[in-house]
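Open the model in your viewer and keep the selection panel at hand. Each stop below gives a selection and then what is there.

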Amino acid sequence: MDSYPAVEDHGLIGDLQTAALVSTDGTVDWFCAPRFDSPSVFGGLLDRRKGGYFKISPEGVEYDSKQLYLPGTPILITRFLSADGVGELMDFMPVAGERPTDCHRLIRMVRIVRGTMRFRSECRPRFNYGRDPHELDTYPDGEVFRSPGLTLTLNHVGFGETKVGPEIRHGEGGVCIFGTFHEGDYGGVVLETGSPDPPRPISTEEVRDLFVQTRDFWRRWIGRSRYTGRWRETVERSAMTLKLMTYAPTGAVIAAPTAGLPEQVGGPRNWDYRYCWIRDASLSMSALLRLGFTDEAVQYGRWLGDRLRNAREEGPPLQIMYRVDGSPDLTEEVLDHLEGYRGSAPVRIGNAAAGQLQLDIYGELLNGYYLAVDYGVEMTHRAWLRVVRMIDWLCDNWDQPEDGIWEIRGERRNFTSGRMSSWMAFDRAIRLADRYGRPADTTRWASARNRVYEQIMARGFHPGRGTFVQHYETDLLDASLLAMAGSGFVSPQGPMYLSTLQAIDAELVSDSLVYRYSPSASPDGLAGAESTFTLCTFWYVQALAHCGRLDDARLTFEKMLTYGSTVGLYSEEIAPTGHQNGNFPQAFSHLALINAAMTLDQFLDAS
């Protein structure tokens, strides 16, 4: 199990249709093609022996490695430092465009900065999560891996320009390329998916052109950011991470590019997050909107509109999550031939939570839409009709037990956070109708909003504890209550919220890190425990700022930044050891970082 790298020891690269993780030892151990939610080609992160990998690293020498991103881009540079020399591995994926395609390129180039180093490039794909066989065909300029569902082409780049040519070995369905590089040498490979052509010689000049195009695309994109606050580099890295998790052909935003990474090593809480959650994506768009990125919100709005237009006549207007192309089938299955990350089985693909009832999605969606219109996104007549249908449905359905924001797999509950989000949905819809004169039964909506408010105050606030609680049938706390501070539901400096925050301080906060809730005290239908939840810690920062505890808020935020990876990425959770757990990187974590930084900036500037 020691052969598995830490979750945080990875950088993310992508082309806006799929993505790959590259570890600090130069291994691509997670890559799905042709889409985020396609089967894996390299899945060594979930099984070192059966998952497949693509490693480029120094051969026969002890070295230290460091990772960084080329500033203003997701072009990843892994530096190898040894007594004999310093080498750099550059990994990137040219942007694939806005039309779905099976053709994707992963470019891996080595450059020697100083001295001499011998490198080993080992490509061993395992198609369809390691379930499909493949054939290997060799050519003078590369290799082709053929499986029933996908073809990979490995093109050699620039080895003829080095002082010593490469040594190539084939076997066991893979290829190893050995090359000795001297100072100034430059060479590598271009991996292509879905190419019908045999490998061809690719010049370093062609790779440099692709590099420039990729670099310039990302620098133009991040240059549109309006953020000029205290944590600019950190915020912009999170924005690029959210963009990397956006499927350009539709505008859908995935929750994370990985599946099966555990919330606790060795535990069973291992889920597939390569899909578009309505909640997570709406919150991601809200964060990007606050930075000035409106085009992404427009495209996501179109994707949402298609989901609402195609909704069934009966039942909720939206499923809680979809595939990136909008299809609703997310049948969950277990890959029992894979051992899981560091033995954390079962490995699941698909997600059975897609059939859950989570009422909070409507509040996050409407709050995001309200913000988008405020930032200049057009509110079309068709979009408004969809809002009306959704809110009319919520009027009839808000008062029922649900599965909640944390997707419990036990008994449905009357969650306070879900009710609060329903209140927010009604509130934002009424504001839109009134501000822009749109037709709606706002009298009915206001009546529903008032009933939700009165119910939460009567049943969601525990008089004995003097705090808001997780759900109506308990006296336990839940970190989702922190989000009340920015919702407008209660005053963050009023006694009801302050007493709740004080209780969360005492029961859910551990040296600034925040647990979602206590699984042992509040059973959620799942075995095992979990770590502190990164989203909740950033919510905590915002809550502290809203309550006027600015010194605590800033210290908590700065502490949280120390838990990020060396390239500024965050997974779902932080273990007691400080290591990251769960799927990586996580949209929830990065959108919350952006919101916390902007909220904290606002209060610090005003203080």
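Predicted model: local features only at pLDDT ≥ 70, side-chain atom pairs only at ≥ 80, totals over all residues.

Residues are numbered from 1 along each chain as its sequence is written, and side-chain values use heavy atoms, with hydrogens and water left out.

**Stop 1: the core**

Select Leu 318 and Leu 482. Within the largest nonpolar core, which has 186 residues, these two have the most contacts. Such a core is a set of buried Ala, Val, Leu, Ile, Met, Phe, Trp, Tyr and Cys residues joined through side-chain atoms within 4.5 Å. Buried means under 20% relative accessible area, exposed means over 50%, and partly exposed lies in between (1.4 Å probe, protein chains only).

Now colour helix α13, residues 587-606: its eleven residues are the largest share of this core. Helices (H or I, at least four residues) and strands (E, at least two) are DSSP runs, numbered from the N terminus.

Go back to Leu 482 and show its surroundings. Leaving aside neighbours within four places in sequence, its contacts are Tyr 497, Leu 501, Ile 504, Val 514, Cys 536, Trp 539, Tyr 540 and Ala 543. Contact here means heavy atoms within 4.5 Å.

**Stop 2: Phe 426**

Select Phe 426, in helix α8. Buried or exposed? Phe 426 is buried, at 0% relative accessible area. Not counting residues up to four places away in sequence, Phe 426 touches Ile 391, Leu 394, Cys 395, Trp 398, Trp 445, Ala 448, Arg 449 and Val 452.

**Stop 3: the largest pocket**

Select Arg 290, Asn 367, Gly 486, Ser 487 and Gln 542. Among the 34 residues lining the largest pocket, these lie nearest its centre. A pocket is found on a 1 Å grid over the protein atoms alone: it is an open set of points where a 1.4 Å probe fits, with protein on both sides within 12 Å along at least five of seven lines, and lining residues have an atom within 4 Å of a point.

The space in this pocket is about 850 Å³. Grid points are joined across faces, edges and corners, and a volume is the space filled by probe spheres set on the points.

Colour the lining by type: 16 residues are nonpolar, twelve polar and six charged. Ala, Val, Leu, Ile, Met, Phe, Trp, Tyr, Cys and Pro count as nonpolar, Asp, Glu, Lys and Arg as charged, and the others, Gly among them, as polar.

**Stop 4: the second largest pocket**

Select Val 298, Gly 301, Arg 302, Tyr 369 and Ala 383. These lie nearest the centre of the second largest pocket, which has 26 lining residues. Its volume is about 580 Å³. Two or more lining residues come from each of α4, α5 (294-309), α6 and α7 (381-397). α5 gives the most, with ten residues. By type, the lining holds 14 nonpolar, six polar and six charged residues.

**Stop 5**

Most residues other than glycine have a negative phi, and most peptide bonds are trans. Select Ala 33 and Pro 34. A cis peptide bond joins them, with omega about 10 degrees. Pro 34 is in the loop between β3 (27-32) and β4 (40-42).

Next, select Phe 584 and Pro 585. The peptide bond between them is cis, with omega near -20 degrees. Pro 585 is in the loop between β28 (580-581) and α13.

Then select Asp 511, in the loop between β24 (509-510) and β25 (513-514). Asp 511 is not a glycine, yet its phi is positive, about 50 degrees. Asp 511 is exposed, with 51% relative accessible area. Step on to Ser 512, where phi is near 85 degrees. Ser 512 counts as buried, at 10% relative accessibility.

**Stop 5**

Select Cys 32: the nearest cysteine sulfur, that of Cys 123, is 15 Å away. Cys 32 is buried, with a relative accessible area of 1%. Now select Cys 103. Its sulfur is too far for a bond, because the closest cysteine sulfur, in Cys 123, is 17 Å away. Cys 103 is partly exposed, at 43% relative accessible area.

Notes. Disulfide = S-S within 2.5 Å.
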